[in-house]
Amino acid sequence: MLFKSVFLLLCTRLADAALTYRGVDWSSVAVEEKAGITYKTTSGTAQSLERILVDNGVNIVRQRIWVNPSDGNYNLNYNIALAKRAKAAGLSVFLDLHYSDTWADPAHQKIPSGWPSDIENLSWKVYNYTLDTMNAMQSNGIAPAIVSIGNEITAGMLFSTGSTSNMYNLARILNSAAYGVKDSKLSTKPKIMIHLDNGWDWETQKWWYTSVLAAGPLKSSDFDMMGVSYYPFYNSAATLASLKTSLTNMASTWGKEIAVVETNWPTSCPSPKYAFPSDLKSIPFSAAGQTTFVQKVAAVVAGVSRGVGLFYWEPAWVDNSSLGSSCAYNTMFQYPGTALSSIGVFKTI
């Protein structure tokens, strides 16, 4: 097999905040390895990705779960195998349930193939699927630290039944998902998270949580954490100052633990589609810039009451180096040529 080398440099020390969860999303590592990717330390020693992550201060990994993907990637069995690797390395596991056969995000929340679409049967399906998934983790010796019931569900989930055009349906689905976790056989129950995008936008966060909690079936006690995505290259309004205001207001209004569960910064962005936020324009598009950016976001989260974590999305997915943005490279690893020096930032955040 032709192996492509991937290099990583440890970064210099990072001051300031200590976060409970210092994480990355590593969902694609098995796909990358199957394609021939290997990972190396700065000294050129080949190591498993989990070993490199642990050695650089990461203490938890996030994994997306799809219901019935056509190629099997990211399904339950894929995630059980990955979670076992994480556990063996001493990493905690954060399961991100997409409730879809493919990507779930604000524009895409497709009901899995074969699932019902009426709210009565769909909510029961969500409950039983979640329950079965958690029980499968328990059977395989995996005790997730966090479970996200949906991925970036700002516009709702399981369209169109659970879209925000019907907050009652959405609240009922989320209540069912939460109790699928709570009623499971997991010996240690994980923190239950709700995850929205645009974490810098307080008005959206306020509208969403106020509306869904007023709808009835979902109670504040059904979940423990609020997660947000924070991608500064999509909107010039996504300033660090706005992020701080939004997260501070979320924590004071609902009293939940707060985490930035998706974020990244480019090492190359020659033609950005949107202007960058004003208070980030001084940060270079480089490995050093990645370190600075992660430091600044970590400081914002740590400065918020009940701010507990930051997760980088996805630092080692080198076959998708743009990571969905208009910037060319957002990973913390790259092919031979120029080594990066940013993942060690997790040692001190």
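Helices (H or I, at least four residues) and strands (E, at least two) are DSSP runs, numbered from the N terminus. By that rule Glu203 lies in helix α6, which spans residues 202-214. This is a predicted model, in which local features need pLDDT of at least 70, side-chain atom pairs count only at pLDDT 80 or more, and totals for chains, interfaces and linings use all residues. Residues are numbered from 1 along each chain as its sequence is written, and side-chain values use heavy atoms, with hydrogens and water left out.

Glu203 has a relative accessibility of 49%, so it counts as partly exposed; buried means under 20% relative accessible area, exposed over 50%, and partly exposed in between (1.4 Å probe, protein chains only).

The axes of α5 and α6 come within 8 Å and cross at roughly 80°. That angle makes α5 roughly perpendicular to α6. Axes here are lines fitted to C-alpha atoms, for helices over the stretch in contact, and angles run from 0 to 180 degrees between N-to-C directions. Angles under 35 degrees count as roughly parallel, over 145 as roughly antiparallel, 65 to 115 as roughly perpendicular and the rest as oblique. On the α5 side the meeting residues are Met167, Leu170, Ala171 and Leu174, and on the α6 side Trp207, Trp208, Ser211 and Val212, where contact means heavy atoms within 4.5 Å. By class, the contact of α5 with α6 has seven nonpolar residues, one polar and no charged. In this scheme Ala, Val, Leu, Ile, Met, Phe, Trp, Tyr, Cys and Pro count as nonpolar, Asp, Glu, Lys and Arg as charged, and the others, Gly among them, as polar.

Helix α5 (residues 167-182) has a further partner in helix α4 (residues 119-139), the two axes coming within 7 Å and crossing at roughly 25°. That makes α4 roughly parallel to α5. The crossing of α4 with α5 is right-handed; a crossing is left-handed if the near helix is turned anticlockwise from the far one by less than a right angle, and right-handed if clockwise. From α4 the contact uses Ile119, Glu120, Leu122, Ser123, Val126, Tyr127, Thr130, Leu131 and Met134, and from α5 it uses Asn169, Arg172, Ile173, Ser176, Ala177, Tyr179, Gly180 and Val181. These residues of the contact of α4 with α5 comprise ten nonpolar, five polar and two charged.

Helix α4 also packs with helix α3 (residues 76-88), at an angle of about 35° and with the axes 11 Å apart. The crossing of α3 and α4 is right-handed. Leu76, Asn79 and Ile80 of α3 make the contact with Thr133, Ala136 and Met137 of α4. Four of the residues in the contact of α3 with α4 are nonpolar, two are polar and none is charged.

Arg64 sits in strand β5 (residues 60-65) and counts as buried because its relative accessibility is 1%. Arg64 and Asn75, eleven residues apart in sequence, have C-alpha atoms 8.5 Å apart.

Some backbone details follow. Tyr99 has a positive phi of about 50° although it is not a glycine. Tyr99 belongs to the loop between β6 (92-97) and α4, and at 1% relative accessibility it counts as buried. Leu323, also not a glycine, has a positive phi of about 50°. Leu323 is in the segment after β13 and is buried, with a relative accessible area of 5%. A cis peptide bond, with omega about 0°, joins Phe159 and Ser160, and Ser160 is in the loop between β8 (156-157) and β9 (162-163).

The last feature is a disulfide. A disulfide is a covalent bond between the sulfur atoms of two cysteines. Counted as a pair of cysteine sulfur atoms within 2.5 Å, the total is one disulfide. Cys269 and Cys327 form it, with sulfur atoms 2.1 Å apart. The torsion about the S-S bond of Cys269 and Cys327 is about -60°, so the disulfide is left-handed. The pair links distant parts of the chain, 58 residues apart: Cys269 is in the loop between β12 (257-263) and α8 (287-302), and Cys327 is in the segment after β13 (307-312). Both Cys269 and Cys327 are buried.
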